Amino acid sequence: MSSSSAAAGASVPGATPADALRRNRIISSKLYFDVPGSKAPVVYSTAYDIAFLGIEKMHPFDSSKWGRICRFLTKEGHLEKNRVVEPLEASREDLLVVHTEAYLNSLKSSFRVAAIVEVPPLTLIPNWLVQQRLLYPFRKQVGGSILSAKLALERGWAINVGGGFHHCSAEEGGGFCAYADITLCIQFAFVRLDISRVMIIDLDAHQGNGHEKDFAHDGRVYILDMYNAGIYPFVRTTI
């Protein structure tokens, strides 16, 4: 264990057993890794893009936009393909930093996943296939969001071309968001990057009800969320 890891792993006065377990999971995670200086602080994987027997077209969300963005940047000469950083997939232990066992187990039900991503026909698809073609891409994007925070601190800026699942909280998914990558990214940063304050600037047309629920009572996190109140998710979260 490096000196920085050892410092991060030191016991925190007043921490509960649950806090200690979460901290240990963060410290043991492999999602943070050293990125060579030859790489750009742009995180993406071809695994981000979701193609699922055409079913993905039944939702208005463009589930292959991430690849198109990278191809455009490459074609226009703004990004070299070999300089893109490939993230690791978030493991179950990584996800348990924020999510409960019960929530993760609920994703073993295709019916539950279909409700979260708002694509009813998924209910009829075997869950192993849903895991492989839908949830695996999501987990790769979670890994990218978490790694991007480390890269941003090291380089001054970083972009994860995917992620930003702002409708998912620790306890509940929705709005095509199955994992709370924003909450996970911040929790990892608090422990591993020695960060004490974070600001979330959410400019999506929809309210970021997921991260707002998770950080509603956390004074370390300031949220600026500009959204259309007349569309999904039709919630009011007071911070």
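**Notes on the fold and its helices**

1. Among contacts in the protein chain between residues at least 6 apart in sequence, 66% join residues at least 24 apart. Please keep in mind throughout that this is a predicted model.

2. The secondary structure of the protein chain amounts to 9 helices and 4 strands, and from the N terminus on these elements follow the order α-α-β-α-α-α-α-α-β-α-β-α-β. Of the 239 residues in the protein chain, 48% count as buried.

3. Helix α3, which spans residues 65-75, has Trp66, Gly67 and Cys70 among its residues, and these three are buried. Seen down the axis of α3, the buried residues fall within an arc of 95°, so they line one face of the helix. What covers them includes α7, and after α3 comes glycine 77, whose phi is positive, near 85°.

4. In helix α6, made up of residues 110-117, the buried residues are Ser110, Val113, Ala114, Ile116 and Val117. Because they cover an arc of only 160° around the axis, they sit on the same side of α6.

5. Against which helices do the buried residues of α6 pack? They pack against α5, residues 101-106, and against α7. Just after α6, glutamate 118 takes a positive phi of about 60°.

6. Helix α7 (residues 127-155) also meets helix α8 (residues 181-192), with axes that come within 9 Å and cross at roughly 35°, and the crossing of α7 and α8 is right-handed. On the α7 side the contact is made by Val142, Ser145, Ile146 and Ala149, while α8 contributes Asp181, Leu184, Cys185 and Phe188. Sorted by class, this contact of α7 with α8 has 6 nonpolar, 1 polar and 1 charged residues.

7. The structure holds 0 disulfides.

Methods
Residues numbered from 1 in each chain as written. Predicted model: local features only at pLDDT ≥ 70, side-chain atom pairs only at ≥ 80, totals over all residues. Heavy atoms only, no water. Axes fitted to C-alpha atoms, helices over the stretch in contact; angles between N-to-C directions. Helix = DSSP H or I, 4+ residues; strand = E, 2+ residues; numbered from the N terminus. Left-handed = near helix turned anticlockwise from the far one by under 90°. Contact = heavy atoms within 4.5 Å. Nonpolar A, V, L, I, M, F, W, Y, C, P; charged D, E, K, R; others polar. Buried < 20%, exposed > 50% of the residue type's maximum accessible area, 1.4 Å probe, protein only. Arc of directions from axis to C-beta. Disulfide = S-S within 2.5 Å.
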